[in-house]
Amino acid sequence: MTKAVGLLIALFALWLALSGYFKPFLLTLGILSCLFTVFIAARMKLLDEEAVPLQLRLSLLLYWGWLGREVFKSAVAVSKVILARQMPISQQLIAIPCTQKTEMGHVIFANSITLTPGTVTVEAGGGRFLVHALTEGFAAPEGFAEMDKRVTAVEVR
Amino acid sequence: MDMSTIDLLRDIASGIAFAAGAVFLLIGTFGLIRLPDVWSRLHAAGIVDTVGAELMLVGMMIQAGFTQATVKLLLISLFLFITSPTATHAVANAAFIAGIRPVRLRRNEAAEVIGETAKKAAKS
Amino acid sequence: MPMFLAAAAAIFVAILLVLIRLFAGPTLYDRVLAVNTFGTLTVLLLSILGFITGRPDFLDIAMLYALINFVSTIAILKFFRYRALGRASANGEDR
């Protein structure tokens, strides 16, 4: 029930942000459509932990800020590789251990690795990620350990 | 500070964001052409999808100010932030399953992660 | 206004560069990657167009395009792996 109400509030907030209408008639229509969507979601048994965007907490936003800086730094590094006269690429497929407990934690870590230019998560299995790195520098285990630690700190338990 | 100063500062800030975004977009798409195989091109596409696109959107947000347009731009950048790594991962994973391997591969620890699947892919 | 036109021009050049990769290939995955990047650039171009023409409605189209672009990339990859769009591998065994 709390999940249904949470989803309803989130959906209606999205409706308000996208429409920008505040007339009573249109607001009623918006609430009705949100209620119908929640009803369908409940019928499809979609109301689990991931249905309600409660993962959006302050620690996650701070993590996104840190991630943004990392993304920018590695984007500059990849740009240097692209623009170098002799492109110094030495491609690697490396196994990266991950210490997250929940599925959501794994998703956040794998997506963070992919989001940083220079590294892409290819496959997951056995508590490890298979990561493709563009050069030796992007494959350094220290960077991954740092990111792994931060993701484990922000994941929902 | 009067209005024209604020407008000037806003134009300068968004101009910097647009210029930086455009540089990253062009470098990324240039890399898409120049890099040797699909695995290395994933990273060039990553530059376009993350830094280039987000900087452009930030430039537009600065121009829009506190309006509904900024909310929509924030939502667009959130969607790109979540969907672009997922799409990149999907391409990488599909190429991996199809048995395409990077050229001049220096280190390969694929067997440690998937074991049987990797051996099967290596055989075929 | 000239700033938006310059940004639109940069995005246009980037789109042309992506088109070269799209036609050159050589593998299917290069092309899918190029289509995905093309979609991202189209989203940016649509948003910029909204500012140039002074119609914020373009932002809604850009938002929809961002979502559809993601779904279409996944759909193409899924089609070429399973040769079908229906029946997902629900049990995960018929890979």
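**View 1. Crossing of helices H1 and H2 in chain A.** In this predicted model, the axes of helix H1 (residues 2–19) and helix H2 (residues 24–43) of chain A come within 9 Å and cross at roughly 140 degrees. H1(A) is therefore oblique to H2(A), since angles count as roughly antiparallel when over 145 degrees. The crossing of H1(A) past H2(A) is right-handed. On the side of H1(A), the contact is made by A:Ala4, A:Leu7, A:Leu8, A:Leu11, A:Phe12, A:Trp15 and A:Ser19. H2(A) contributes A:Gly30, A:Ile31, A:Cys34, A:Leu35, A:Thr37, A:Val38, A:Ala41 and A:Ala42. By class, the residues of this contact between H1(A) and H2(A) are 12 nonpolar and three polar, with no charged residue.

**View 2. Antiparallel pairing of strands S1 and S3 in chain A.** Strand S1 (residues 91–97) of chain A is joined by six bridges to strand S3 (residues 128–133) of chain A. The two strands run antiparallel. One of the residues to look for is A:Ile96, whose bridge partner in S3(A) is A:Phe129.

View 3. S1(A) and S1(B) pair in the parallel sense, over three bridges. A:Gln91 stands opposite B:Leu105 of S1(B).

**View 4. The four-stranded sheet with strands from chains A and B.** The sheet is open and has four strands, in the order S2(A)-S3(A)-S1(A)-S1(B). Its pairing is mixed: S1(A) and S3(A) run antiparallel, whereas S1(A) and S1(B) pair in the parallel sense. The edge strands are strand S2 (119–125) of chain A and S1 of chain B, each pairing on one side only. From one strand to the next, the twist averages 25 degrees.

**View 5. Chain B and its elements.** Chain B has five helices and one strand, which run α-α-α-β-α-α from the N terminus on. Of its 124 residues, 51% count as buried. Among contacts in chain B between residues at least 6 apart in sequence, 58% join residues at least 24 apart.

**View 6. The side of chain B that touches chain A.** Here 35 residues of chain B are in contact with 32 residues of chain A. At least two residues of this side of chain B come from each of helix H1 (3–34), helix H2 (38–64), helix H3 (68–97), strand S1 (105–108) and helix H4 (110–114) of chain B. The residues on this side of chain B comprise 18 nonpolar, 11 polar and six charged.

**View 7. The side of chain C that touches chain B.** Two pairs of chains are in contact, and chains B and C share the most contacts. This contact takes 37 residues from chain B and 35 residues from chain C. On the side of chain C, two or more residues are given by each of helix H1 (2–24), helix H2 (28–53) and helix H3 (57–82) of chain C. H2(C) provides the largest share of that side, 12 residues. The side of chain C that touches chain B has 25 nonpolar, six polar and four charged residues.

View 8. Chain A and chain C do not touch. The nearest C-alpha atoms of chain A and chain C are 8 Å apart.

Key:
Residues numbered from 1 in each chain as written. Chains lettered and ligands numbered in written order. Predicted model: local features only at pLDDT ≥ 70, side-chain atom pairs only at ≥ 80, totals over all residues. Buried ≥ 20, exposed ≤ 12 C-beta atoms within 10 Å, placed from the backbone. Contact = placed C-beta atoms within 7 Å. Nonpolar A, V, L, I, M, F, W, Y, C, P; charged D, E, K, R; others polar. Pairing = 2+ DSSP bridges. Axes fitted to C-alpha atoms, helices over the stretch in contact; angles between N-to-C directions. Parallel < 35°, antiparallel > 145°, perpendicular 65-115°, else oblique. Left-handed = near helix turned anticlockwise from the far one by under 90°.
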